Amino acid sequence: MEKYDVAIIGGGSAGLAALKELSKLGLQAVVLEAGKPVGSKSVTGGILYSKTYPNAKVYNVEDVYGESFLSEAPVERKITKYYLNAVSGNKAYTVDLTEAHNYLTNFAYSVLMAKMNRWFAEQAEEEAAKLGGGIVSGVHVSNIVWKNGKTIVEIDELDPVEVSAVIAADGVNSETALITGARPKLEPESLYQGVKSVVRLPEDIIDERYDLKDDEGIAHLFAGDISRGHNGGGFLYTNKDTLSVGVVYHLDSLIKSPIEPYSLLDSFLRIPLVGNYIKDEVPFVKEIDRDLPKEEQLRIRFGISKLLKSWEELRYTYYSKTARKNAIKQGFYKDGDDIRNRLEETRRQLEEKFGVSFVTNYVELEYSAKIVPDGKRAMMEKPYKNNVLFVGDVAGRGLFVGTRIEGINIGIDDAARAARAIARAKERNEFSEEYMGRYYGQLIEESPYTNDLRNIDFEYLKIFVNACKDIPTESLNLFLRLGFALLSKASIQDFAKGITRMLDQRTLLFLIESNEAYVKIPMEVAEKIGRTVERDYEIKPPSIEERIAKIKINDDPEPHIKIIDPDAKFIKSMVHLCPTQCYIMELIDKERFKSQVVLQHEGCIECGTCSKETNWKHPRGEKGVIYEYG
């Protein structure tokens, strides 16, 4: 049986940071990850932050990976502008929250997690290999056994391994948390469901449309008339030559009034403001005349396909300075004029030979979904059990407070603290809950993120209120009007600060996360002082069937989800809330008109929406969803 100091269950950003830090501290560690390649099951919105707090230490991504992160990591764009948009129909009011975004921030990059985690994995494995550790991908951890003073990690695909400690980094639907009994499954009110599209848009068009330069990026958040009354909001982040666009909603709000996640995403994409941000020139191919001979139909289809592929390659090269520079350097084209001339000729052939027209729509590359923990409700007060330490999403440590949305950086910080707790335990060969676990708990308590998850940051709140100073206060309810008045006047800010310190997050949740705050007030603001957004085209999202067809899923004939009670109200809501329609209502008794919920797991993208009332586990190694972007 192989032995390691530490087994890390889960190869996301937190698990990989743990491997890197443990290896730097001289411990032999192994990451056990179901996805292959590493990163193929990771999804984020998403922005990776680096922070500095005046009176507390943070372990940032550059602390873990060194200066190579700043020069080599495959980040997308550095977010330099941050906006909140209140929306009502075709009217929108935009608040500049860049100052709030920059608060305590060293830098923030948009990232696509599949690509980012592959880089993290390369860096971490290189360090781990020096000590005989590394990454084993394509495996599923099925159990942890404590016997005769030994800790044995059982794996479906391989022989078990013996370890001194375990770091659980297997996500919000952590099987490790259930195996150890450290916490039950998280309740819907502690979770968000997010659905996302990766939208293709050439680099130069992103720069021009969003007024960006030199790999700058922009983040937009949306509230108001986007949710069909549910508590949640939308986001749009610029990547190098794509956009991350999606919606995030309180899961309990969706369960109370079930609605298909993809329909919420479609509604969001059709908002005029959002449509103007994502629109692109898209070829429209008319249907081939079926009366033509089969050979002629095949010839036409092949000719169109070949030209469309050429047009797409030329267009995304010509309108992307990075791709254009590389293509010319490699000798594929003489110069920019050569690319443009070929692009125009290819378009002419498509139009004249095959009747292809070009319309305004958008190009969706990937559809994804995930469940995210709300740290205000989900954070584990005791993130350890036996000799197992819990980090990131497993420990429920996601920061969602109004416009503050952070998660990747918190998981990395947790991982670094877990590594230090284990290194200290190794020195005394004492990996008990009393010694190692409690020390890790102490380190987590010292993390400034823990305080952020529990308390309102008055300085951040003051910046936010100042940014919203032009909003007419008559749009707000009485309590919010009073709050804005207190925070806006320097003479009484110390008094307001004292009151704020007395209130924890939970006390203010009914205001911050009410339907009034998410929907009604933003709509009223947009209607009263918003600008009208014009649009002369229609956004046409793909059908859910088309979206699922584009997702790569290595189906496992062995179901990884089993329904406990097909008649339960929660399970019935999954007929609507499953992002890929895995749950259907099937007629089982025609005479009595009795129907029952049936699960078809083949299209599952492992979001975990249904976990609460199912026997849910991650698929076996190498099985399940394989995201290209994440």
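Me: Hi! Leaving aside neighbours within four places in sequence, what is serine 13 in contact with?
Reply: Serine 13 is in contact with Met113, Asn117, Phe120, Ile408 and Ile412, where contact means heavy atoms within 4.5 Å. This is a predicted model, where local features need pLDDT of at least 70, side-chain atom pairs count only at pLDDT 80 or more, and totals for chains, interfaces and linings use all residues. Residues are numbered from 1 along each chain as its sequence is written, and side-chain values use heavy atoms, with hydrogens and water left out.

Me: Is serine 13 buried or exposed?
Reply: Serine 13 is buried, at a relative accessible area of 13%. Buried is under 20% relative accessible area, exposed over 50%, and partly exposed in between (1.4 Å probe, protein chains only).

Me: And which helix does serine 13 lie in?
Reply: Helix H1, residues 13-24. Helices (H or I, at least four residues) and strands (E, at least two) are DSSP runs, numbered from the N terminus.

Me: Switching to H13, which of its residues are buried?
Reply: Asp338, Ile339, Leu343, Thr346, Leu350 and Phe354. Down the axis of H13 they fall within an arc of 135°, so they line one face of the helix; the arc is taken over directions from the helix axis to the C-beta atoms.

Me: What covers them?
Reply: The cover includes helix H11 (294-318), helix H12 (321-329) and strand S16 (357-361).

Me: Nice. What follows H13?
Reply: Glycine 355, with a positive phi near 65°.
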